[in-house]
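Reader: I would like a close look at one part of this model, strand by strand, and then at what else can be described in the same way. What sits opposite what, and what packs against it?

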Amino acid sequence: MTGAPAPGTTPALVVIGAGPRGTGVIERIAANAAGLSPGLRLDIHLVDPHPPGGGRIWRQDQSPLLWMNSMAEDVTMFTDDTVQQDGPVVPGPALDAWADDVRAGRITVDAAPAVLAEIQRLTGQDFPSRRLQSAYLRWVYEQALAALPPGITVHEHRTRALRISGPRGGRQRVRLQGRGEPLLADLVVLTVGHLDAEPDAGQRELSAFAGRHGLTHLPPDFTADSDLSALRAGEPVIVRGFGLAFIDLMVLLTEGRGGRYENGEYLPSGREPVLHVGSRRGVPYHSKIGYGWEGERPPLPRFLGPGLTAELLSGPGPLDFRRDVWPHVAKELGHAHYHRLFTAHPERTTVDRQVFEDKYAAAGPGSPELDSLVAAAVPDPADRLDLAALDHPLDGVRHPSYDALQDGLRGYITADLARRHDPAHSPDLAVFLGLLSAYGQLIRLGDIGDWWHGFFSHLASGPPGPRLEQLLALSRAGVVRFLGAGVTVEADEEAGLFRAGSATVPGGRVEARALVEARLPDPSLRHTSSPLLRGLYEDGAATTGTGLLSVDPADGRILDRNGLAHPRRFALGPYTTARSSGAFTRPRTGGPAFRQNDATARTALMFLRDLSCRGRLSA
């Protein structure tokens, strides 16, 4: 029959990308195989130039100075009963519990001595190095392999996949770098994670300008892979971007060059450049919250659940996120915030909790009635949820000089740190849980634009508190200087310099011979440097207006430009419309990526089971 493997041929699944997403798919295949496809014989080919488990981003051979931005107790690769999936739950240890097992000798880990030493002193509230996370991910991968039933074998290929070809109804051919014959696959799953991108027109112009004048321009990149040697000691560097990529840059150019912290102050080595940093917001991401949850959790989802997302999808015309979706998100986050305020801090409210909740539920999203209700029930504005102020705290703020801005922004960062580590403000943690819940629902809507992902990262995916303490110390030492919000960069041909300004300091300018774009490459297929993804587009795969690869939200199958799902090609990750907040997650928070992995694994197993049966019939 068409598409069935030849008699005596074992079906083949090619998984491209061996990082945590690929590991998660294999774990879900192991969890579901016995129930869905008992006795199935299957060859899984895992393709990645980097070691399985950690992949590129979480590989062990990177600086030990680079941390995760999550505490060890908030990192797991294992499902629990909060994950909305059809497959079985297979529990396993979060990162901190895994470290406990290693210390107790219940788990054996093959890792570098420095990583083993870090495991010995790790606590649940520590922010581990990425090298330690790599060891955890490698162990998870090995556990997934061990859990595969007999007859399913994984073959590792330490190289890159360059192209997928083949008819919709037949076996696929996956061409690998450095290998003459392609892999033959009955199914292909792309789990390639973050990828490099070709510079857009603006970045190419800046690089050309730098080349003409002997300047340095570093376009968007993974900071751990960037060549920072051209950034010279003592010289000014304009840095555009104030998120996690900047934090990595800051670390590698300070401690990475021999500086150290002592009694809360930074002692320079003399090898550091001077970093002038700004962005659209002009502030770093909000600090990670530094306390745990106690007491009653807000019931989530409440106002943004599967029913509403289905209703939004079935409406006429394309969705406008800010008009059609954001009011519901804001109401959901407000629900989480005020639920916590009324349960944990009732003395800061003026009405009965049930009365408030009933009126809150009845009020329309984004309505004046909702605002009036909150104003009457919560007298202190500091206890109200102001999402616009959280998103853009420098809107309308002006300083007469950059020197004045330094003091102002240090005050802002200090206040943010204090609040995010004070349980008296525990509604902030409830909003974080609301953000995770909302994210899990919104990925069902496909490509909703970049604004939501930036907002989520700013509030929920910020740096550890100690990193912001270091930022303050570097600011006091003059190694980091703040530029403000609405940063613009000009290429001055006459002077042969980069020049930056911001809306926060009208008329102020900073000049430098180096410009760093501190952000990740664009995940869209429009600018990807991956021949694999470019080939998918050339073969008819659909993309959205922002260039994301269109996939079926149910199981990750790649869609063509007629909206038809490819029966043999799947894709998961940040370059797709099913992008989620991470390949691993905090325990007991639903794990949208886990749900996606499970759906893809189950669809693949049922397809391969049926294919194998047809092959036996044809034999």
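Author: Phenylalanine 498 stands opposite alanine 512 of strand 16. The model is predicted, so to speak of local features a pLDDT of at least 70 is needed, side-chain atom pairs count only at pLDDT 80 or more, and totals for chains, interfaces and linings use all residues. Residues are numbered from 1 along each chain as its sequence is written, and side-chain values use heavy atoms, with hydrogens and water left out.

Strand 15 (residues 497-501) runs antiparallel to strand 16, with three bridges between them. Two strands are called paired if DSSP finds at least two bridges between them. Strands (E, at least two residues) and helices (H or I, at least four) are DSSP runs, numbered from the N terminus. The open sheet has three strands in the order 14-15-16, paired antiparallel. Strand 14 (488-492) and strand 16 (510-512) are its edges; each has a single partner strand, so one side of each has no neighbour in the sheet. From one strand to the next, the twist averages 25 degrees. Helix 5 (residues 201-213) packs on this sheet and touches strand 14 and strand 15, its direction making about 135 degrees with that of strand 15. Such angles run from 0 to 180 degrees between N-to-C directions, with axes fitted to C-alpha atoms, for helices over the stretch in contact; contact means heavy atoms within 4.5 Å.

Another open sheet has six strands in the order 3-2-1-7-19-18, with mixed pairing. Strand 3 (152-157) and strand 18 (557-559) form its edges, and each has a single partner strand, so one side of each lacks a neighbour in the sheet. Here the twist averages 30 degrees from strand to strand. Strand 1 (residues 12-16) and strand 7 (residues 187-190) run parallel, joined by four bridges; valine 15 has valine 189 of strand 7 as its bridge partner. Helix 16 (residues 531-538) lies across strand 1, strand 7, strand 18 and strand 19, at about 120 degrees to strand 7.

Threonine 577 is in the loop between strand 19 (565-571) and helix 17 (592-618). Threonine 577 counts as buried because its relative accessibility is 7%; buried means under 20% relative accessible area, exposed over 50%, and partly exposed in between, with a 1.4 Å probe and protein chains only. A polar atom of the threonine 577 side chain lies 3.1 Å from the backbone nitrogen of valine 551. Beyond neighbours within four places in sequence, threonine 577 is in contact with residues including Ile443, Asp447, Leu548 and Val551.

Methods:
Polar contact = N/O pair within 3.5 Å; in protein donor to acceptor, adjacent residues only side chain to side chain.
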